[in-house]
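User: Hi, I have a structure open and some quick questions. Can you walk me through it?
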Amino acid sequence: MNIYVLVKQVPATDKVKIDEATGTMKREEVEAVINPLDLYAIETALEIKEMYKGDIRITAISMGPLKAEEVLKEAIAMGCDEGILLSDKAFAGADTWATSYTIATLIKRLNHFSLIITGERATDGETGQVGPSLAGQLALPIVTYISKILEINEGYIILERETEEGTEVIKMSLPGVISVTKAIGEPRLPTLKGKIKARNTKIEVFDLERLNVAKEEVGLSGSLTRVVKIFYPKISRVGKKIRSKDPEEAANLIIEFLEERGIL
Amino acid sequence: MSGEVVILGEVRRGRIHPVTYELLAWGKGLSEKLKTKLSALILGYNLKGLEEVIHYGADKVYYFEHPRLDIFNPEVYAEVLTPFIEEMKPDIVLAGATTTGRTIMPYLAGKLKAGLTADCTSLDIEEDTGLLLQTRPAIGGNVLATIKTPNSKPQMATVRPRGRKPLEKDPKRGGEIEIIKPDINFNSRIEMLDFKPREEEVSLVDAEVVISGGKGLKDSRNISLLFEISKLLGSSAVGASRAVVDIGWIGYSHQIGLSGKTVNPKVYIAVGISGAIQHLAGMMNSESIIAINKDSEAPIFQVADLGIVGDALDILPILKKKLEERKR
């Protein structure tokens, strides 16, 4: 069984610079890390590999500059088998549609697979749209907000999905796409053996030519949305600020405040 | 004449979810500017109260009724909605940024080849082009980005739930309800086997008071103080900053902020939370805010109605004691 895990390299800090002309992030100027929420996707794949009776090959897939190879190496160090990087200048500036389209094109070129796993969202764009959009484009079923894997075999997977109202138990036929949340469980750390393996594993790179896709359909030119303006949020609500030397007085102020608003 | 503005209503456990009425308020502002109709798409089975969708602002309701639409299944929803949207050719499609909306909208957008913007906090119409201007927080809420979909239709967006109040209900408002009974006879690859409702007494988004803790609580054990105080405050629930969820003091379901839940209770109490934009994005629309923090420069004070510069660990035990005394 083949599993693909989608991972993304994101800026490490919240202090990101924006290219005001294009409205896209200046990625080269900040330290880059693996999207923290993608670690849960990798963890899910590794847990499935442990619970499944049979061979599983896990391929981590990313799109980004060549430097994004680092996150694929990290995925391998955690236990993934191999990594594929979509990298080409032409892929840059992609919105979620163009990103999904590029990944979908790659996946159509690869071997038969059973499952695609994504994290809940990336911490930079914070859209969470690539997983479902990819499923839509590939005409695959999708289950989002997965908190637990209950069972998997060659034909289907049984999952728990967290919604606002509670927990759904869902059976999905394979192949399909799932996106997982933090609730799936703490991601394991890379092992020494894994790190050595990562160092010795060559990351496959697909550029525009190897992917065999039209330039107009990927990156910024293939995107359906455009960022037209970037600005900084204004915060305005200034109330009373007191310096409390006496916790008793502070507690009284809070109680008074709650009384005024009819809570107490 | 432009195409319509359409909202995708939400049905949860057999009832129309309030986010539907918020979406109508968002949609109305846009349809009035575009001088076009506002329609609501509702998928469900044996639903009641469809006229309320009109009363809250829809000009027309398309109600798709089928037993298999009783629960959310992205595949079944898409089977019904994709051809309908392709034929109707709306200008704009809006849905809530809920677990349902955040799943079905990108799934549909992938099928329709439509531009989609997630989690918008503001929507407007560009005057000369009539295009939808979609504004959303990005990069941990550090910036706001305005996004448009210049060359393709429909323009799709999800909006944060509780980001806007519904319009005033007008029971005299007229409108049309069209019932569509779709044929759904394919075998879905997704099947719900069971549902376990959440056991929390008061859900975070419904609570009148939310008391949230951050790193200023210093120790995971002090989270229990928040729960104890919360119990004394009636309709109250406990929230948390991303920082303390990440280090495992409390579960992800309590996380408030951009990558967690958005709340707007009567009173929000931020305890030991510095107030990164990431957190503010999830709570700054609260009706009133109390902040307790040792650092008088903490950004949380910029949104607080009552700001207390002091150590929460000194204040909370006394507050708890005083609340207990009142109960007796």
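Analyst: Start with a term. Two strands pair if DSSP finds at least two bridges between them. Also note that this is a predicted model.

User: OK. How many bridges join strand S15 of chain A to strand S18 of chain B?

Analyst: Four bridges join them.

User: Which residue stands opposite A:Lys241?

Analyst: That is B:Gly307, in S18(B).

User: And which strand of chain B is joined to S18(B)?

Analyst: Strand S17, residues 289-293 of chain B. Four bridges join S17 to S18(B), and they run parallel. Here B:Ile292 stands opposite B:Ile308.

User: New topic. What is the secondary structure of chain B?

Analyst: Chain B has eight helices and 18 strands. Its radius of gyration is 22 Å, close to the 20 Å that the globule rule gives for 328 residues, so chain B is as compact as a globular protein of that length. Of those 328 residues, 54% count as buried.

User: What about its span?

Analyst: The C-alpha trace of chain B spans about 65 × 45 × 40 Å along its principal axes.

User: Now A:Met172. Buried or exposed?

Analyst: Buried. The cut-off is 20 or more other C-beta atoms within 10 Å. A:Met172 counts as buried because it has 25 C-beta neighbours inside 10 Å. A:Met172 is found in strand S11 of chain A, residues 166-173.

User: Which residues is A:Met172 in contact with?

Analyst: Leaving aside neighbours within four places in sequence, its contacts include A:Pro141, A:Val143 and A:Tyr156. B:Arg189 and B:Ile190 in chain B are also among them.

Technical notes
Residues numbered from 1 in each chain as written. Chains lettered and ligands numbered in written order. Predicted model: local features only at pLDDT ≥ 70, side-chain atom pairs only at ≥ 80, totals over all residues. Helix = DSSP H or I, 4+ residues; strand = E, 2+ residues; numbered from the N terminus. Buried ≥ 20, exposed ≤ 12 C-beta atoms within 10 Å, placed from the backbone. Contact = placed C-beta atoms within 7 Å. Rg over C-alpha atoms; globule rule 2.2 N^0.38 Å.
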